[in-house]
Amino acid sequence: MQHPQQPVIPEQSLDRDCTTLSRHVLQQFSSFTPEAQDISAIMNRIALAAKLISRRLSRAGLMAGTLGFTGETNVQGESVKKMDVYANDVFISVFKQSGLVCRLASEEMDQPYYIPENCPIGRYTLLYDPIDGSSNVDINLNVGSIFSIRQQEGEDLDGEAKDLLQSGDKQIASGYVLYGPSTVFVYSLGKGVHSFILDPSLGEFILAEENIQIPEHGAVYSVNEGNYWQWDESIREYIRYVHRHEGYTARYSGALVGDFHRILLQGGVFLYPGTTNKPEGKIRLLYESAPLAMLIEQAGGKASTGTQRLLDAVPDKLHARTPLVIGSQQDVELVESFITDWTRRKSDSEETGTAKVAKV
Ligand code: FDP
């Protein structure tokens with residue numbers, strides 16, 4: 001009951017404004033354990049990184065030395081952008097002297113980066129893609145950051161981080177930041193998927209949606225169709241199928257985080273299959289597809305390599321890639337059915353020596 005002398009407070013909106021990311025993370029734990037404090041502190045630092053990157057991106061066109069390429073090539077053989085370097089350094093800087101994270105591994109670094117003052121006390125490893133979709137940076141379109149947190153297993157005395165070469169089920173948290181018209185932070189600790197929007201006036205991520213559930217089916221298919229000539233016949237058959245049936249629409253922004261976010265909220269499927277030039281596709285397992293796979297499963301969707309559950313895939317190296325099919329359950333299963341069907345027909349035709357028959 002309201003006390004007569006107390007002002008009437010619009011409780012719902014205030015409660016919502018006070019549900020910051022850090023409060024929400026702590027609420028995910030049943031008690032204020034050391035683990036709860038650690039994870040909350042890690043999330044706060046990732047949020048700080050997100051704010052720094054968001055600030056830089058919003059001013060990029062106004063500041064000298066922020067856009068364009070550095071002239072270097074990264075471990076993936078891709079041209080490095082100045083924003084990639086900045087964002088990569090931001091993640092390292094926010095974890096310095098934290099005592100939380102001993103190792104960081106990212107798309108931009110050949111080997112894991114060890115923060116000496118945090119080792120060996122820092123029991124966690126942060127895997128991240130600092131700027132995902134970096135071809136969008138110079139044209140002021142959406143980009144993202146993706147992250148995954150794993151427990152460090154063993155001492156890693158040889159510095160090879162071999163304990164990271166395990167399945168995606170080893171992740172204890174994952175998420176992404178979408179730098180769009182607003183900056184959105186989405187995360188999961190294995191208890192649902194939750195989104196937050198950066199309120200620039202407060203400098204805080206405020207709860208937008210809790211326990212997001214992806215629709216079982218959506219109209220969107222999101223794929224770079226320019227690779228059609230390089231795909232396996234099964235993927236071509238799937239694409240011909242959606243071209244020839246009512247109810248499908250294509251969306252592809254060139255930034256996985258943006259395309260994934262649309263599908264998480266509205267349903268559909270994102271795919272980056274293997275190509276002739278890149279049989280494993282383009283998307284990196286440890287810091288791109290596995291974190292998103294954890295989120296999609298938590299939201300009731302599905303993530304697959306096309307032939308197996310994505311979270312079961314075990315990388316053979318830090319920068320391993322996998323084909324990725326991710327999104328609504330029914331839409332992922334439809335893509336998988338084309339792959340299974342084609343594989344079966346191919347092996348039948350090889351056995352009998354008959355010609356391959358196109359399905360659609
Ligand atoms: P980028 O290389 O620009 O960082 O995995 C990285 C990624 O972008 C995804 O964000 C995006 O979906 C995809 O690659 C785009 O690749 P294509 O240009 O080959 O379609």
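Helix α7 (residues 285-298) lies across β3, β5 (124-132), β6 (143-151), β7 (171-179) and β8 (183-188), and runs at about 100° to β7. Contact here means heavy atoms within 4.5 Å. Axes are lines fitted to C-alpha atoms, for helices over the stretch in contact, and angles between N-to-C directions run from 0 to 180 degrees. Helices (H or I, at least four residues) and strands (E, at least two) are DSSP runs, numbered from the N terminus.

This is a predicted model, in which local features need pLDDT of at least 70, side-chain atom pairs count only at pLDDT 80 or more, and totals for chains, interfaces and linings use all residues. Residues are numbered from 1 along each chain as its sequence is written, and side-chain values use heavy atoms, with hydrogens and water left out.

## The eight-stranded sheet

The strand order of this open sheet of 8 strands is β4-β3-β5-β6-β7-β8-β9-β10, with mixed pairing. Each of β4 (113-114) and β10 (204-209) has a single partner strand and stands at an edge, so one side of each is left without a neighbour in the sheet. Two strands pair if DSSP finds at least two bridges between them.

Strand β3 (residues 101-106) runs antiparallel to β4, and 2 bridges join them. Leu104 has Tyr113 of β4 as its bridge partner.

## The five-stranded sheet

A further open sheet, of 5 strands, has the order β12-β11-β13-β15-β14 and mixed pairing. Its edge strands, β12 (249-250) and β14 (302-304), each pair on one side only. Strand β11 (residues 220-222) is parallel to β12 and is joined to it by 2 bridges; Val220 has Thr249 in β12 as its bridge partner.

Helix α7 also packs on this sheet, where it touches β14 and β15 (324-327) and makes about 30° with the direction of β15. Helix α8 (residues 329-352) packs on the sheet as well, touching β13 (269-272), β14 and β15, and its direction makes about 25° with that of β14.

## The ligand site

The ligand is surrounded by 15 residues (a heavy atom within 4 Å). The closest are Asn224, Tyr252, Leu256, Tyr272 and Glu288.

Polar contacts are pairs of N or O atoms within 3.5 Å. A ligand oxygen atom lies 2.9 Å from a side-chain N or O atom of Asp132. For Leu256, a backbone N or O atom is 2.8 Å from an oxygen atom of the ligand, and for Lys282 a side-chain N or O atom is 2.8 Å from a ligand oxygen atom. The ligand taken alone exposes 460 Å² (Shrake-Rupley method, 1.4 Å probe), of which the protein buries 85%.

## The chain as a whole

The protein chain contains 8 helices and 15 strands. Its C-alpha atoms fill a box of roughly 85 × 55 × 45 Å, taken along the principal axes.

Key:
A polar contact is a pair of N or O atoms within 3.5 Å; within protein, one must be able to donate a hydrogen and the other to accept it, and residues adjacent in sequence count only if both atoms are side-chain atoms.
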